[in-house]
Amino acid sequence: MKWKLAAMFLGVSLALAACGGGGDNAGNNNGNNGGGDTAASAEQIFKQNCASCHGQDLSGGVGPNLQKVGSKYSKEQIKEIIVNGRGAMPAGIIKGEDADKVAEWLASKK
């Protein structure tokens, strides 16, 4: 009985490991010219957390246009806005390493 349970646990673990390979962005370049995984994942984080206010194409809406935000703010300033919020934007929508990735990605928008 213990062997069957152990074999089942191992099988489930292998199946879950195969499914969690980070393939969510596989083949999804979305116009990134050699941006690599960081750009793709930052864009995905943005789309999941920010696009409802700033637009899928960064053109704005409820929130301001971010298409050229990197020419106005540095990566550090953008991260500070993400972490602390500003105006109607609440603080902490994105945290930790994800906030760093998105700030770096947005800082490149000039």
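Glu104 counts as partly exposed because its relative accessibility is 43% (buried means under 20% relative accessible area, exposed over 50%, partly exposed in between, with a 1.4 Å probe and protein chains only). Glu104 is found in helix H5, helices being DSSP runs of H or I with at least four residues, numbered from the N terminus. The model is predicted: local features need pLDDT of at least 70 and side-chain atom pairs count only at pLDDT 80 or more, while totals for chains, interfaces and linings use all residues. Residues are numbered from 1 along each chain as its sequence is written, and side-chain values use heavy atoms, without hydrogens and water.

Helix H4 (residues 75-84) packs against helix H5 (residues 96-107) at an angle of about 130°, with the axes 8 Å apart. This makes H4 oblique to H5 (under 35 degrees is roughly parallel, over 145 roughly antiparallel, 65 to 115 roughly perpendicular, the rest oblique). Contact (heavy atoms within 4.5 Å) involves Lys75, Ile78, Lys79 and Ile82 of H4, and residues of H5 including Asp100 and Glu104.

The whole structure holds 3 salt bridges, each a side-chain nitrogen of Lys or Arg within 4 Å of a carboxyl oxygen of Asp or Glu. Lys79 and Asp100 form one, with the closest N and O atoms 2.8 Å apart. Lys79 lies in H4 and Asp100 in H5, so this pair ties together parts 21 residues apart in sequence. Glu97 forms a salt bridge with Lys101 at 3.6 Å between the closest N and O atoms; Glu97 is exposed, at 56% relative accessible area. In the salt bridge of Glu43 with Lys47 (3.4 Å, N to O), Glu43 counts as buried at 9% relative accessibility.

Definitions and conventions. Axes are lines fitted to C-alpha atoms, for helices over the stretch in contact, and angles run from 0 to 180 degrees between N-to-C directions. Helices (H or I, at least four residues) and strands (E, at least two) are DSSP runs, numbered from the N terminus.
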